[in-house]
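Here are some brief notes on the model, as numbered points. Please read them with the structure open.

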Protein chains: 2
Amino acid sequence: MLRRHVGILGLGLIGGSMAMRLKGRCLRLSGWDGDPRVLSCAISMGILDRASSGLEDLAVGCDLLVLAVPSSCIVPLGLKAVRHLKDGAVLMDTGSVKVPVVERLDPALSGGYLGFHPMAGRERGGLGNASKDLFEGALCALVPGPSSSPETVELGKELAEELGGRWAVMGPEEHDRGVGFVSHLPMLLSAALAGSAMEASKGGSEVELLAASGFRDVTRLSLGGPDLLQPLRRMNRRYIDEALSEFLRQVREILSQEDGALGDRLQRIARWREELGRGKGWLN
Amino acid sequence: MLRRHVGILGLGLIGGSMAMRLKGRCLRLSGWDGDPRVLSCAISMGILDRASSGLEDLAVGCDLLVLAVPSSCIVPLGLKAVRHLKDGAVLMDTGSVKVPVVERLDPALSGGYLGFHPMAGRERGGLGNASKDLFEGALCALVPGPSSSPETVELGKELAEELGGRWAVMGPEEHDRGVGFVSHLPMLLSAALAGSAMEASKGGSEVELLAASGFRDVTRLSLGGPDLLQPLRRMNRRYIDEALSEFLRQVREILSQEDGALGDRLQRIARWREELGRGKGWLN
């Protein structure tokens with residue numbers, strides 16, 4: 001059990017799922033959401049010990065404040081919250097870009113900041129899609145800033161385990177580069193591919209008729225719409241650009257390589273992906 | 001029941017699954033595979049009424065010959081088979097590119113050619129992954145050539161229904177353009193994305209650590225390795241190029257559009273993809 005009074009700011013898919021999981025597994029659980037309908041829905045679902053009356057009320061009381069808000073709101077809301085946190089309280093954010101967040105929040109807390117990114121999600125956000133099992137088996141990236149204390153990092157490990165997940169500690173640059181390749185670029189490609197097929201389908205019904213399970217899977221992330229991709233494009237542009245340029249190099253090589261060399265390359269890629277899948281438990 | 005003696009050339013994932021499904025649902029089922037191990041495996045699985053001794057032996061006997069061989073072998077094996085087919089026999093191929101196949105096979109048969117493309121597959125090929133339910137609910141594209149007779153097209157519809165699938169008739173250009181957008185380009189992107197992450201993972205363990213369900217789905221098609229993508233790149237280059245250039249236009253716009261316009265675009269794409277998914281029964 002997490003022996004802290006935990007506060008969760010933002011009760012969408014991530015914050016809501018955390019609340020469902022942590023209720024009864026921490027000393028006390030408070031929550032608040034800027035959207036009154038979401039907050040009253042959370043109250044009627046009984047997933048909080050206490051609904052706070054605002055950001056200040058939430059921040060004042062807790063030992064651990066988790067910001068589960070859209071990436072673009074993390075820094076402004078975090079800086080606001082810091083002014084009300086008690087001494088020794090810890091602040092974590094669940095955003096998927098860390099460099100610009102660590103830069104601003106780490107100096108504002110005395111060792112009490114930790115980036116916390118659970119690698120779990122659904123194509124549809126919101127409290128209505130939340131589940132206490134969302135983080136089961138998921139990796140939680142723990143991203144300390146230059147001044148994060150060892151105790152703060154330990155608390156991140158405890159939180160990950162209480163959520164049913166695993167954890168790994170990494171630096172903000174390594175984190176943002178990694179998610180650029182395995183999360184943000186895939187979102188971009190998925191949306192662009194669905195967008196191309198949408199355009200092409202205007203020229204005839206065959207495109208929609210022929211779409212099958214391969215298309216379904218590659219375009220699943222496009223269902224997320226603007227909420228997922230829009231802020232990342234600005235906040236993680238450097239690593240999205242790096243990933244995109246490596247990706248375009250791969251596309252050019254696949255289109256131009258001789259058959260033998262291409263065969264070897266595709267075989268190597270398939271083997272790497274298969275091994276990764278085995279390690280992750282993705283393959284039957 | 002399909003009142004024909006059906007011959008299947010190639011007993012991999014597609015041909016093997018067809019044999020499993022058609023056994024007992026047609027007058028007689030013969031099969032042959034160029035790989036003796038595959039053929040003897042099919043015999044011992046009991047999925048054929050008769051194992052032929054070669055291409056000629058198979059072609060001579062049947063009313064409907066299905067070529068379920070890799071795309072690059074369809075034309076040469078088809079032309080060879082035509083010489084042995086009896087009058088009035090029908091030839092269908094299951095390949096995923098039709099323009100260059102129709103061009104060569106349609107004139108060689110007197111109305112008895114039909115392109116038949118079942119939109120079903122698995123990331124792993126081979127008889128070992130075949131299943132009689134593979135085509136359940138799948139769309140079978142029926143692609144007549146200029147001289148295909150109405151009876152031949154009717155037989156294609158019967159075959160699709162016997163396999164448990166649906167059918168739609170379309171021209172070879174429309175077919176190849178459609179699969180360029182919804183199948184071949186997705187395979188290319190999936191392999192290139194997995195390839196980029198493989199390269200990036202050499203720079204540190206974060207890339208592999210952070211890969212989660214989004215990455216899993218977008219790169220699933222890369223598990224197919226060379227077998228799927230290699231011949232298509234040549235045979236459907238025109239439409240893969242068209243699809244790729246529309247895709248790259250979409251990528252550039254997503255990266256450069258103003259927030260408001262981008263939000264609208266991503267929302268429109270998500271809505272289109274959602275409606276498509278509902279129509280296909282992909283969404284819970």
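1. Start with the chain contact. In this predicted model, 82 residues of chain A touch 82 residues of chain B. The area buried between chain A and chain B is about 7,900 Å². Carbon and sulfur atoms give 69% of that area.

2. Which residues of chain A lose the most area to chain B? They are L210(A), L255(A) and W272(A). Together they account for 10% of what the chain A side buries.

3. Charged pairs also link the chains. The count between chain A and chain B is 8 salt bridges. One of them joins R124(A) to E274(B). The closest N and O atoms of that pair are 3.3 Å apart.

4. Next, the aromatic rings. Over all chains, a search of the whole structure gives 3 aromatic pairs. One of them is F247(A) with F247(B). The ring centres lie 6.5 Å apart and the planes meet at 65 degrees, so this pair is edge-to-face. The pair crosses between chains, from helix α11 (residues 237-256) of chain A to helix α11 (residues 237-256) of chain B. Are these two residues buried or exposed? Both F247(A) and F247(B) are buried.

5. W272(A) counts as buried because its relative accessibility is 13%, under the 20% cut-off. F215(B) is buried as well, at 1%. W272(A) is also among the residues of chain A that lose the most area to chain B.

6. Now the sheet of chain A. It is open and has 8 strands, in the order β3-β2-β1-β4-β5-β6-β7-β8, with mixed pairing. The edges are β3 (50-51) and β8 (166-169) of chain A. Each has a single partner strand, so one side of each lacks a neighbour in the sheet. The pairing of β3(A) with strand β2 (residues 26-32) of chain A is parallel, over 2 bridges. In β3(A), A51(A) is the bridge partner of G31(A).

7. Helix α7 (residues 172-201) of chain A lies across β6 and β7 of chain A. Helix α7(A) runs at about 145 degrees to β7(A).

Note on methods
Residues are numbered from 1 along each chain as its sequence is written. Chains are lettered from A and ligands numbered from 1 in the order in which they are written. This is a predicted model: local features need pLDDT of at least 70, side-chain atom pairs count only at pLDDT 80 or more; totals for chains, interfaces and linings use all residues. Side-chain values use heavy atoms; hydrogens and water are left out. Two strands pair if DSSP finds at least two bridges between them. Helices (H or I, at least four residues) and strands (E, at least two) are DSSP runs, numbered from the N terminus. Contact means heavy atoms within 4.5 Å. Axes are lines fitted to C-alpha atoms, for helices over the stretch in contact, and angles run from 0 to 180 degrees between N-to-C directions. Rings of Phe, Tyr and Trp (its six-membered ring) pair if their centres lie within 6.5 Å; planes under 30 degrees apart count as stacked, over 60 as edge-to-face and the rest as tilted. Buried means under 20% relative accessible area, exposed over 50%, partly exposed in between (1.4 Å probe, protein chains only). Buried area is the accessible area (1.4 Å probe) that two parts lose on being put together, summed over both. A salt bridge is a side-chain nitrogen of Lys or Arg within 4 Å of a carboxyl oxygen of Asp or Glu.
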